[in-house]
Amino acid sequence: MTMLRARVVPLVILLSIFAAVVITIRMTSDAPVVSSDTAAHDRDQPDAASHRSVVVVLPFENLGNARDAFFAAGVSDEIATRLASISSIAVISRTTASRYANTTKSIADIGEELGVDYVLEGSVRWDHAVRGSRVRIAPRLIRVSDDTQLWSGQYDRQLEDVFGVQSDVAAQVVRQLNLRLRAEEQRAVAGILTDNFAAYEAYLHGQEAAKRSYGERDARETVTWFAKAVALDPSFATAWARLSIAHAYLYHVGFDRSPARLEQARRALDRASSIDAELPLVHMAAGYFHYWGYLNYERASAELALAWKALPNDSDVIQAIAFVRRRQGDFEEAAQDLKDAQTLDPQNVRLVLEIGQTQLTLRRYGDAAAAYDRAIELAPNQSLGYAGRVETEWMSSGSLDATAKLIAKLPKRDDENTVGLQYRQVLYRRDFDAALRILGRTRVKEFLLLHVEQAFLPKQLLVADAYALRGNAAEARQSYEASRVLLERAIATRPDDASLRSALGLTLAGLGDKARAIEEATRAVELLPVAKDALSGAERVVDLAKVLARCGEKQQAIERLQSLLAMPSLVSPAVLRLDPAWDPLRSEEAFRALLQ
């Protein structure tokens, strides 16, 4: 993490962080020691990370009703969050820790797998039958090296007192490890999220939904739960911040690109900031809002630096910083940030996928393949790991036999990603009949995912391309027209969506409308230039090059490809050899030179 600190801190003047609501530690003798010598514990010291103990908070065992599992997980997650604010220790992320729920592995095995020095585990029983509801929490802190239990506690409290228990447990860990905390770190350890248990319960459900998948259904459910939490407690700053992030995510990935959705994200952020402007999660929400909503990377970086300063052990913050850097074209720094995040979150499949994509964009095929293989190992029933691995093989060797074996292992699903992979594979084999069969049997109605960088294209456009390559001009024109109608309807409500403009350019090129095709594809590049978004912007240049090639502007198309091969992108000589889209250029000497 030292390298990350050296890079992030100069981004802004670091303000005093995290004036959180403070509650009194119940057992004064157990309170963490506060150091007045802040220089001795400066997180920016080069050797600060080398002497830190590593702690993992395992999901507490749920001893109550099965439906209370979310609550037990929430108790341990919140303790981990408090500990993550302490710079003198490293705390394994909740995402990785959650993989050890109900584990039968020994402490020694867990310690070896995660490289941790201490394990905090425990159990939770929520007794609904008792009048007023009570919760029993039994934490245990164990030193891995000799399997010694350093401390254990027994808490039998009213349900509403769970927040105080979380503070007490975190304070006990601090005391047992003899940590010296700065004032803001002590406030973070002792802080309270809300005094409304119903709001807290809704918040935990939101957290649970957010962790399930990247999908639209879970994303919308996340919004619903966080909205319920703030309705029950309008002063719940953390829930407002999470709600802002959830709204911004729906906007960013394209599930809802409406101005109204972005406005909801802004209102939630403003409300969180008005309650507690220095809350680290508020800074993270602001970072995502400016990044996802407006591609304002400078503002996003400044906010994320403040969040990281207060939460040095939060891999989510470090990842966010990496994502912003990647959009700025700083792929090398982003790759290092993601590596730093992985030390705190080694079993987070989403993080591993992002590492794979970054390495793939840098054309480091061995590193990309290793990351995607790890993603498949961690989540064999998810398709994204296979998608990245197939993309890596296409870009590196271009071996369709190798990718066929990988695609055969895909989970049997009819989703945008799986169908997109199958389509590209047979298209590259120039089996256009198979391409039409794949598109004909899928239940996906409108858009298919054709790239690891979320390059969605209308299904009718892909059908049209297959017909055109097969030589069926009438059928191709009919499908191109259907694609045009769909895209123009979408653009009417989202005129500044670069991906829609690109797709329309490709569609119009298929219809032979050269002038409009080039105009729309060029407009897409202007809306999202590489200088503004080095990741998605490169995909718009790819689409423009395809339009130019199809419209007979061969030299201009080759120039675009030359620029893409000179920068980090998902274009490679192997893919240029495979993709029929580049057939109009194959007789050009300059294009053949690119294949070398």
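**Close-up 1. Asn-102 in the loop between α3 and α4.** Asn-102 sits in the loop that links α3 (94-97) to α4 (107-114); helices here are DSSP runs of H or I with at least four residues, strands are runs of E with at least two, and both are numbered from the N terminus. This is a predicted model, in which local features need pLDDT of at least 70, side-chain atom pairs count only at pLDDT 80 or more, and totals for chains, interfaces and linings use all residues. Residues are numbered from 1 along each chain as its sequence is written, and side-chain values use heavy atoms, with hydrogens and water left out. Take a look at the backbone: the phi of Asn-102 is near 60°, a positive value in a residue other than glycine. Most residues other than glycine have a negative phi. With a relative accessible area of 70%, Asn-102 is exposed (exposed is over 50%, buried under 20%, partly exposed in between, with a 1.4 Å probe and protein chains only).

**Close-up 2. Asn-178 in the loop between α5 and β9.** Here the view moves to Asn-178, in the loop between α5 (162-176) and β9 (180-181). Its phi is near 55°, again positive in a residue other than glycine. Asn-178 counts as exposed, at 65% relative accessibility.

Close-up 3. Strand β6 (residues 134-143) pairs with strand β7 (residues 148-152) in the antiparallel sense over four bridges; strands pair if DSSP finds at least two bridges between them. Arg-143 has Thr-148 of β7 as its bridge partner. Four residues lie between the two strands of this hairpin, and Asp-147 in the turn has a positive phi of about 55°.

**Close-up 4. Helix α9 against helix α10.** α9 (residues 237-253) and α10 pack at an angle of about 160°, with their axes 8 Å apart; the axes are lines fitted to C-alpha atoms, for helices over the stretch in contact, and angles run from 0 to 180 degrees between N-to-C directions. α9 and α10 are therefore roughly antiparallel (over 145 degrees; under 35 is roughly parallel, 65 to 115 roughly perpendicular and the rest oblique). Their crossing is left-handed, meaning that the near helix is turned anticlockwise from the far one by less than a right angle. Residues making the contact include Trp-240, Leu-243 and Tyr-251 of α9 and Leu-262, Leu-269 and Ile-275 of α10, where contact means heavy atoms within 4.5 Å. By class, the contact has 13 nonpolar, three polar and two charged residues (Ala, Val, Leu, Ile, Met, Phe, Trp, Tyr, Cys and Pro count as nonpolar, Asp, Glu, Lys and Arg as charged, and the others, Gly among them, as polar).

**Close-up 5. Helix α10 against helix α11.** α10 (residues 259-275) also packs with α11 (residues 280-294), at an angle of about 160° and with the axes 10 Å apart. The pair is therefore roughly antiparallel, and α10 passes α11 in a left-handed crossing. Among the residues in contact are Leu-262, Arg-266 and Leu-269 of α10 and Val-282, Phe-289 and Tyr-294 of α11. The contact holds nine nonpolar, two polar and one charged residue.

**Close-up 6. Val-75 in helix α2.** Val-75 belongs to helix α2 and counts as buried, at 1% relative accessibility. Beyond its neighbours within four places in sequence, Val-75 is in contact with Phe-60, Val-124, Ile-137, Val-162, Gln-166 and Tyr-200. Val-75 and Gln-166 are 91 residues apart in sequence and 6.8 Å apart in space, C-alpha to C-alpha.
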